[in-house]
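The model comes first, then the contacts.

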Amino acid sequence: MSGLAGIRIVDPHSHHQFSNYSTLVMLREASYRAAACLAYIPVRPSSASTLRDLFEWLVEEERDRFERVGIRPVIGVGIHPRNIPRTGRSDALAYVEEYLPSADVLGEVGLETGSNLEREVFARQLDVAERLDRPVIVHTPRVGKAEALRLALRILRESRLQPERVLIDHLTLDLLREVPREYYLGLTVQPGKLTEKQVAEALRSARDRRLLMVVNSDAGREDSDPLAVMKVAHHLASLGIPVDEVEDLVAGNAKRFLGA
Ligand SMILES: [Zn+2]
């Protein structure tokens with residue numbers, strides 16, 4: 001465990017806008033360097049202005065709160081596929097464009113059902129990210145994941161974004177090989193997604209992609225563990241994986257992806 005003491009963890013996919021202050025303090029005490037507040041709310045917005053308020057909350061209030069605690073916030077602005085508003089879609093896209101320059105990433109965005117509407121909103125946001133030079137965190141759904149992944153990859157190829165600016169998240173072990181080289185591979189450790197052991201398995205089975213793997217917690221309001229990334233670090237170290245390799249998965253790769 002002592003070899004890990006110098007690692008300062010980065011968790012680039014979480015929703016700590018739902019976390020109380022003591023959770024953030026706990027992260028700081030556990031040597032977290034950075035953790036994320038990616039855009040998401042649990043209700044479908046009735047209008048675009050809800051998203052505007054959400055983005056304002058994240059880029060202003062959450063950034064400020066994290067700085068007070070002493071952790072670097074990774075602020076995500078974007079329209080999650082479950083958050084496409086019932087009305088005012090072009091206004092919602094305009095708000096993404098307005099707030100993304102104050103954010104660190106476009107996210108989380110992607111496909112849930114793969115409807116025409118979701119595809120269009122996803123593609124238009126990729127254009128904004130490319131234009132404003134922000135990395136992108138792409139959600140894949142629990143149901144119909146393989147199909148949604150293929151569809152998302154097709155939309156990504158049609159965009160002008162470079163693969164190394166994109167993290168495809170919530171991957172399963174089976175789907176790692178479906179993702180073309182150069183995309184970052186998101187490994188989410190959360191009940192219903194991956195376990196610590198499966199991260200070790202991913203590292204064994206796709207060692208050549210070691211420098212693209214990014215472990216994250218998706219911690220927020222669902223069942224999740226804010227310290228999941230740190231626990232993965234300890235698990236990998238307990239298997240005898242060298243500390244510098246562990247560090248890539250729990251900090252270094254995410255830092256490179258974020259340009260931080
Ligand atoms: Zn998420």
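## Helices α3 and α4

Helices α3 and α4 cross with right-handed geometry. This is a predicted model. Helix α3 covers residues 89-99 and helix α4 covers residues 116-132. Their axes lie 10 Å apart, at an angle of about 25°. Angles under 35 degrees count as roughly parallel, so α3 and α4 are roughly parallel to each other.

On the α3 side, the contact uses Arg89, Leu93, Val96 and Glu97. On the α4 side, the partners are Val121, Arg124, Gln125 and Val128. By class, this contact has four nonpolar, one polar and three charged residues.

## Helices α6 and α7

Helix α6 (residues 196-205) packs on helix α7 (residues 228-238) at an angle of about 60°. The two axes are 9 Å apart. That angle makes α6 oblique to α7. The crossing of α6 and α7 is right-handed.

Glu196, Val199 and Ala200 are the α6 residues in the contact. They meet Lys231, Val232, His235 and Leu236 of α7. Sorted by class, the contact of α6 with α7 has four nonpolar, one polar and two charged residues.

Which residues of α7 are buried? They are Ala228, Val229, Met230, Val232, Ala233 and Leu236.

What do the buried residues of α7 pack against? Their partners are β1 (9-11), α6, β8 (213-216) and α8 (243-258). Just after α7 comes Gly240, with a positive phi of about 90°.

Note on methods. Residues are numbered from 1 along each chain as its sequence is written. This is a predicted model: local features need pLDDT of at least 70, side-chain atom pairs count only at pLDDT 80 or more; totals for chains, interfaces and linings use all residues. Axes are lines fitted to C-alpha atoms, for helices over the stretch in contact, and angles run from 0 to 180 degrees between N-to-C directions. Helices (H or I, at least four residues) and strands (E, at least two) are DSSP runs, numbered from the N terminus. Angles under 35 degrees count as roughly parallel, over 145 as roughly antiparallel, 65 to 115 as roughly perpendicular and the rest as oblique. A crossing is left-handed if the near helix is turned anticlockwise from the far one by less than a right angle, and right-handed if clockwise. Two residues are in contact if their C-beta atoms, placed from the backbone, lie within 7 Å. Ala, Val, Leu, Ile, Met, Phe, Trp, Tyr, Cys and Pro count as nonpolar, Asp, Glu, Lys and Arg as charged, and the others, Gly among them, as polar. A residue is buried if 20 or more other C-beta atoms lie within 10 Å of its own, exposed if 12 or fewer, and partly exposed in between; C-beta atoms are placed from the backbone.
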